[in-house]
Amino acid sequence: MPLRVAAPLAVAAGLALLVAFPPYGVWPLAPVGVALLAAAAHRRRLRAGAGLGFLTGVAFFAPLLAWTNLHTGYLPWVLLSLLQAGYLALLGVATAWVSPLVDRVRWAWPALTGLLWVGQEALRDRTPFGGFPWGRLAFSQDTSPLLRLAALGGAPLVTFAVALVGGLLVTAAWRGWVTAGRHTSRDASPHADGPPATTAGPDGPPATTAVPEAPPAAAAGPDGRRDGSPARRWAPVVVPAVVAVALTAGGLLVPVATAGSGATVTVAIVQGNVPRLGLDFNAQRQAVLNNHVDATIELAAQVAAGQQRQPDLVVWPENSSDIDPLRNPTAGARISQAADTIGAPILVGAVLLGPGAGQVRNAGILWRPGTGADLGQLYTKRHPVPFAEYVPLRDVARMVSKQVDLIRNDFVPGSTPGVVRAGPAVLGDVICFEVAYDEVVRDTVNGGAQLLVVQTNNATFDVAEARQQLAMVRLRAVEHGRPALMASTVGVSGFVAPDGRVSDATGFNTREVVVRQLRLDDGRTLATRLGWWPEVALAALAAAALVGAAVLRRRQRVRPG
């Protein structure tokens, strides 16, 4: 394939991946994007593979993360997009590197594609500064049958399945593989069967050189005659295509819970909204707190009038009280007023000062009617966002942008999982972007959480970011067999059943209160029991494939000239 064809193919791969994610949500395009990148990088020199992967990454991540530039300028968006595209450049290198394995065992292409994607995401989810898992293939499958695989192996298994389907598609579509046994005799073609020739290139290790495709020839039958039957000719296309469809549809056979099996509780989500979207919502702290207090008091009036159920628990979003209610008596009194009026505990998203000078905490704290703050049920966000909630390497970062000094106080991370015992339910509290990290959510379930709660603040972003985040909540609900909810300051808020179905989703930039009865659950899915082992196993196999490709490259003969 000429590079002039491969480059547009790589860009198309990124755009296909983009459209697979919310707010577009055309999930079948995720494996298509995987297949296009695999085809573009196959049999390339390593530098070309890196460049093609980078093109895919820019076409994918730049528009996917466009919400990061809404109120902070273009620089953070550009830098983040380029950093994430760099990981797909590594994937392009890896894809080119394993080409000899693919050419030797062509039916291994789907599995190798899946393994490399899992390995790439495992690296991207952890580096640098704790990683940034946004845009994982698994998060594009919120309405796909493959979502159910999360109950077996979490997000890594879903990613592997999506990339495996993409590998099947490229196996079916690769030009010249529709051959009717042209490899049965050596004299059928000068390039019959076997790995492509290699040449030592400037990249260091031998680089695979594409061998021109020979025209299809008829297969030799038992009597020595060529067998040109259509079945033999089209089998390399039909078989992987059918397997791809069957694998995707087979996700529907994975059993998942449709509702919890425990006690029933009534939960209210209060989405108080903010006066203005943007970074200056912090300057409107009292107004934001008042919005959530007033909306809760209005809910209490509806309960008293018989228009709404009495909630057992009320959930406010992240940043619903950016005034420390433990140190500010006025803020604490307002929250107590809301809790006493509704007659139910409130999980409040608050910014707390300390523990040290110049430090703050992003926390979820339980506020009980009659007694106020329950300091024993307080969760501090374990994974603050670098360059948004704290600034690593501040002196170096300041050389790039003076805007880092807008973050005056670094948020300090918590050290314990977000298990909050709210009386009627044990909550698994995660805050904002933490929902993207497998271990942060899993730790709450292992700690006894019966209901997953995601407190978030989307006031500095847009509806696309909110819907991408809700897709992650849907995967977590299926992964752990738990009912879940997302509470946002501005939207989108809503409830998610253990099978991933969304109920009572709110609008964006609106003030809304939704109330729903939920059945709790304390069972453990296979994914919960296995923990991180599926990802470890798949990533280890990816590393083994890279080593195997290195061994094969050394053994291949170097063609003179």
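In what order do the six strands of the open sheet come? Reading across, the order is E11-E12-E13-E14-E15-E16, and the pairing is mixed. Keep in mind as you look around that this is a predicted model.

The protein chain has 561 residues, and 55% of them are buried. Its secondary structure comes to 15 helices and 17 strands. If you take the contacts between residues at least 6 apart in sequence, 71% of them join residues at least 24 apart.

At the E16 end, the neighbour is strand E15, residues 494–496, and the two pair in the antiparallel sense over two bridges. To find your way there, look for Phe495, which stands opposite Ser503 in E16.

Two helices lie across this sheet. Helix H12 (residues 438–446) covers E11, strand E12 (426–431) and strand E13 (451–456), and it runs at about 165° to E12. Helix H13 (residues 463–480) lies across E13, strand E14 (484–488), E15 and E16, running at about 160° to E14. So E13 has both helices lying across it, going by contacts with heavy atoms within 4.5 Å.

Now move to strand E5, residues 264–271. Is this strand enclosed or open to the outside? Seven of its eight residues are buried, so E5 is largely enclosed by the rest of the structure. Buried here means under 20% relative accessible area. E5 pairs with strand E17 (residues 512–519) in the antiparallel sense, over eight bridges; in that pairing, Val270 sits opposite Val513 of E17. E5 is also joined to strand E6 (residues 313–315), this time by three bridges and with the strands running parallel. There, Ile269 stands opposite Val315 in E6.

Leu152, Leu526, Leu530, Trp532, Trp533 and Val536 make a nonpolar patch of about 550 Å². Helix H14 (526–530) and helix H15 (533–555) are the elements that give two or more residues to it. Take Leu526, which belongs to helix H14. Why does this residue count as partly exposed? Its relative accessibility is 36%, and the partly exposed class lies between under 20% for buried and over 50% for exposed.

Definitions and conventions
Residues numbered from 1 in each chain as written. Predicted model: local features only at pLDDT ≥ 70, side-chain atom pairs only at ≥ 80, totals over all residues. Heavy atoms only, no water. Pairing = 2+ DSSP bridges. Helix = DSSP H or I, 4+ residues; strand = E, 2+ residues; numbered from the N terminus. Axes fitted to C-alpha atoms, helices over the stretch in contact; angles between N-to-C directions. Patch = residues over 30% accessible without salt bridge, like charges linked within 9 Å, V, L, I, M, F, W, Y side chains within 5 Å. Areas by Shrake-Rupley, 256 points an atom, 1.4 Å probe, with all protein chains shown as cover. Salt bridge = Lys/Arg side-chain N within 4 Å of Asp/Glu carboxyl O. Buried < 20%, exposed > 50% of the residue type's maximum accessible area, 1.4 Å probe, protein only.
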